[in-house]
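Dear colleague,

Please find below the structure that I am handing over to you, together with its sequence. My notes on what was found in it follow.

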Amino acid sequence: MSVLHLSDTHAAQFSTGLNGLESLVKSFRLREANENPDVVVPMRELRLNDDGTLAIPGYDDGFLLNTWSKSQLSSLVGVKWDRWFGRMDRPGQAMEINMRLSSSEAKLRVRTAQPGEDAPAGTVRALVSPTFSPLRDSELLGLLREALEPVDPELRVVRANVTERSTTYVLGIGRAFKPGDDHEVGDCWGGLLVQNSAVGYAAARIVANFTRLVCKNVMVAPIPGAELLRKAHRAFDMDRLRDALFERLRDLPGKLANAAQALAASRERRVTDAKAAFQEVLRTARLPLRLLPELEQALEAEPALRGTAFGISQAVTRAAQAQKPEERFRLELAAGAYVEEATRTHTRPPRPVMGPGAS
């Protein structure tokens, strides 16, 4: 399976490895250069045109709604788009939506993008609160690069995903190693798992992680405090954010060393009911139980790991590779939290939990 997975929503171009960081930064900046300035307008001044585009004050042409911004508009006006409008033509849809928009006294921050190669017309990226303060992906990656330079000046991009809802990437730090010299665990690479959303889907989050190189599985480092940053998109102070990152990343090598011990120890924690463990992981990750067969199939891929807490976590992260980036992120959080709980508990069977800051 490829290390790099790009959503078909944005065809961003960059490479992995040592050259990947520059390519990733360039990709972020190109996409951000295509964004229009935000506008804050009363909801009642927005209009859905008969062709399905959204008319925004100050612009002559209408903007297309992508899947994410359409879901935001649906929530704002209180409709289930597909359920309500399945048999209604576009003019009828526009009449219903505009009636609801015109009755609102609220204001919105509207985030749009100019036409591009993938979008012949401008696109509504987000409909968010006026107090929403986006953190650019290029800014966050720049801060990380600056803060991590004393730790590792040659950061590597392990994978990256860009969708309408979020940006997620994994940075590898230092060199690969075997936790506890365990050959069945194999070589792991410490690093950071980062998620950001400039469209209101999720807070900016940075968590310490391991990439298991044998199958490119990524999981949150199984330690308390693995989440190094969680920041809602409200009034960012870049200087304070920089200071916080420098302070928390300074201790990253020690945190990863402790996490490696927990990872190796999870090989000794026995699990007798894999199905029950998977069901609880999915419940706490707030994902549907229809994914259960995929988790069980993933466990079959590594027979030597069956019956252990480590095996459960690795089946979760292996199956996560086939999911959408946002769901994959949640499964990787759940896998790390599961190992953390399993190695902390000695008197009862491990119960997976989502850990601090779960969303």
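In these notes, buried means under 20% relative accessible area, exposed means over 50%, and partly exposed lies in between (1.4 Å probe, protein chains only). The model is a predicted one, in which local features need pLDDT of at least 70 and side-chain atom pairs count only at pLDDT 80 or more, while totals for chains, interfaces and linings use all residues. Residues are numbered from 1 along each chain as its sequence is written, and side-chain values use heavy atoms, with hydrogens and water left out.

Salt bridges

I begin with the charged pairs. Side chains of opposite charge can pair when their charged atoms come close. A salt bridge is here a side-chain nitrogen of Lys or Arg within 4 Å of a carboxyl oxygen of Asp or Glu. Searching the whole structure gives 20 salt bridges.

One of them pairs Glu-35 with Arg-111, with 3.7 Å between the closest N and O atoms. This pair links distant parts of the chain, 76 residues apart: Glu-35 is in the loop between helix H1 (20-33) and strand E1 (39-42), and Arg-111 is in strand E5 (residues 107-113). Helices (H or I, at least four residues) and strands (E, at least two) are DSSP runs, numbered from the N terminus. Glu-35 counts as buried because its relative accessible area is 14%. Arg-111 is likewise buried, with a relative accessible area of 6%.

Arg-111 also forms a salt bridge with Asp-38, where the closest N and O atoms are 2.9 Å apart. Here too distant parts of the chain are linked, since Asp-38 is in the loop between H1 and E1 and Arg-111 is in strand E5, 73 residues apart. Asp-38 has 23% relative accessibility and therefore counts as partly exposed.

A further salt bridge joins the side chains of Glu-227 and Arg-205 (2.6 Å, N to O). Glu-227 lies in strand E12 (residues 227-231) and Arg-205 in strand E10 (residues 204-212), so the pair ties together parts that are 22 residues apart in sequence. Glu-227 is partly exposed at 21% relative accessibility, whereas Arg-205 is buried at 3%.

Arg-125 belongs to strand E6 (residues 123-128) and is buried, with a relative accessible area of 12%. The side chains of Arg-125 and Glu-35 are joined by a polar contact of 3.1 Å. Such a contact is a pair of N or O atoms within 3.5 Å; within protein, one must be able to donate a hydrogen and the other to accept it, and residues adjacent in sequence count only if both atoms are side-chain atoms.

Surface charge

Which residues gather in a patch of negative charge on the surface? They are Asp-237, Asp-243, Glu-247 and Asp-251. Patches are made of residues with over 30% relative accessible area and no salt bridge; like charges are joined within 9 Å, and nonpolar side chains (Val, Leu, Ile, Met, Phe, Trp, Tyr) within 5 Å. Asp-243 is part of helix H6 (residues 238-250) and counts as exposed because its relative accessibility is 52%.

Loop residues

Several loop positions also deserve mention. Arg-286 is not a glycine, yet has a positive phi of about 60°. Arg-286 sits in the loop between helix H8 (274-284) and helix H9 (292-300) and is exposed at 59% relative accessibility.

Gly-58 is placed in the loop between strand E3 (54-55) and strand E4 (64-65) and is exposed, with a relative accessible area of 80%. The C-alpha atoms of Gly-58 and Val-39 are 8.8 Å apart, and the two residues are separated by 19 residues in sequence.

Val-214 occupies the loop between E10 and strand E11 (217-220) and counts as exposed at 61% relative accessibility. Between the C-alpha atoms of Val-214 and Asp-187 there are 7.1 Å, although these residues are 27 residues apart along the chain.

Ala-221 lies in the loop between E11 and E12, and its C-alpha atom is 8.4 Å from that of Lys-255, 34 residues away in sequence.

With kind regards

Definitions and conventions. Areas by Shrake-Rupley, 256 points an atom, 1.4 Å probe, with all protein chains shown as cover. Lys, Arg positive; Asp, Glu negative; His and termini not counted. Charge placed at Lys NZ, Arg CZ, Asp CG, Glu CD.
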